[in-house]
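Biologist: Please walk me through this model. I would like to learn how to read its features.

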Amino acid sequence: MLQATKIVKQFGSKKILHAIDLKVEKGEIFGFLGRNGAGKSTFINILTGILSPTSGEVRYFNEGTLTTTLKKRIGVLPDYTAFYDHLTALQHLQYFADISGYKVSKVDCMVQLSKVGLQDAMHTKVGKFSFGMKKKLGIAQAVIHNPEFIFLDEPTSGIDAESAIHLQSYMKELKARGKTIFLTSHN
């Protein structure tokens with residue numbers, strides 16, 4: 001699904017990533033562990049096409065670099081997600097599914113919100129959400145278009161222990177459905 005070869009990222013004279021090599025197989029939950037400030041988010045930003053590496057290569061689906069077509073096959077929860085505060089959680093998922101070109105029904109969105117523990121907040125404007133609720137909505141947004149490969153950057157940071165256990169179960173469910181998950185954590 002993913003092969004990164006000798007990924008280096010340098011900002012000025014400061015080298016952040018030092019020749020990272022890794023391979024992620026289809027249907028795997030791959031954990032990328034590191035302390036705060038170790039470069040996990042920078043690496044995910046390179047893997048998802050937000051940043052370019054200083055050197056090295058990333059290949060997807062045995063097809064090559066991340067093209068616009070291949071980007072539609074991935075879902076991403078960045079470390080910090082921006083939302084439209086005036087939309088409800090339900091409207092937010094419908095909007096982002098629509099701009100990704102993936103048609104979803106209201107029921108699909110409601111099911112997804114339930115999967116991440118937001119069933120009681122689906123009609124609440126996102127501007128009223130706590131940090132943890134926004135993190136859950138970000139996970140729902142990352143998977144609403146049914147991607148094959150899902151990137152979750154610190155998916156349980158800012159989430160209570162019970163919700164974290166619930167989300168870990170959901171990740172196992174996604175894996176059982178054939179999804180590949182790449183997640184970062186400092187835990």
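**Reading the fold and its cores**

Modeller: Start with the surface. The protein exposes about 9,700 Å², and carbon and sulfur atoms supply 51% of that area. Accessible areas come from the Shrake-Rupley method with a 1.4 Å probe, and for residues only the protein chains shown count as cover. This is a predicted model, where local features need pLDDT of at least 70, side-chain atom pairs count only at pLDDT 80 or more, and totals for chains, interfaces and linings use all residues. Residues are numbered from 1 along each chain as its sequence is written, and side-chain values use heavy atoms, with hydrogens and water left out.

Biologist: How many helices and strands does the protein have?

Modeller: Helices (H or I, at least four residues) and strands (E, at least two) are DSSP runs, numbered from the N terminus. Here there are six helices and seven strands. Their order along the sequence is β-β-β-α-β-α-β-α-α-α-β-α-β.

Biologist: What share of the 187 residues counts as buried?

Modeller: Buried means under 20% relative accessible area, with a 1.4 Å probe and protein chains only. In this protein the share is 45% of the 187 residues.

Biologist: Which residues of α1 are buried?

Modeller: They are Lys40, Thr42, Phe43, Ile44, Ile46 and Leu47. Six of the eight residues of α1 (residues 40–47) are buried, so this helix is largely enclosed by the rest of the structure.

Biologist: What do the buried residues of α1 pack against?

Modeller: Think in contacts, meaning heavy atoms within 4.5 Å. The buried residues of α1 pack against β1 (2–11), β2 (14–24), β3 (29–33), β4 (55–60), β6 (149–153) and β7 (180–185). Just after α1, Gly49 takes a positive phi of about 85°.

Biologist: Which residues have the most contacts inside the largest nonpolar core?

Modeller: A nonpolar core is a set of buried Ala, Val, Leu, Ile, Met, Phe, Trp, Tyr and Cys residues joined through side-chain atoms within 4.5 Å. The largest has 29 residues, and Leu113, Leu137 and Leu152 have the most contacts inside it. Elements giving two or more residues to this core are α3 (89–99), α4 (106–115), α5 (131–143), β6, α6 (161–176) and β7. α5 gives the most, with five residues. Apart from this core lies another, of 23 residues, among them Met1, Ile7, Val58 and Phe149.

Biologist: What is Leu137 in contact with?

Modeller: Leave aside its neighbours within four places in sequence. Leu137 then contacts Phe83, Ala89, His92, Leu93, Leu113, Leu118, Val126 and Phe129.

Methods: Buried means under 20% relative accessible area, exposed over 50%, partly exposed in between (1.4 Å probe, protein chains only).
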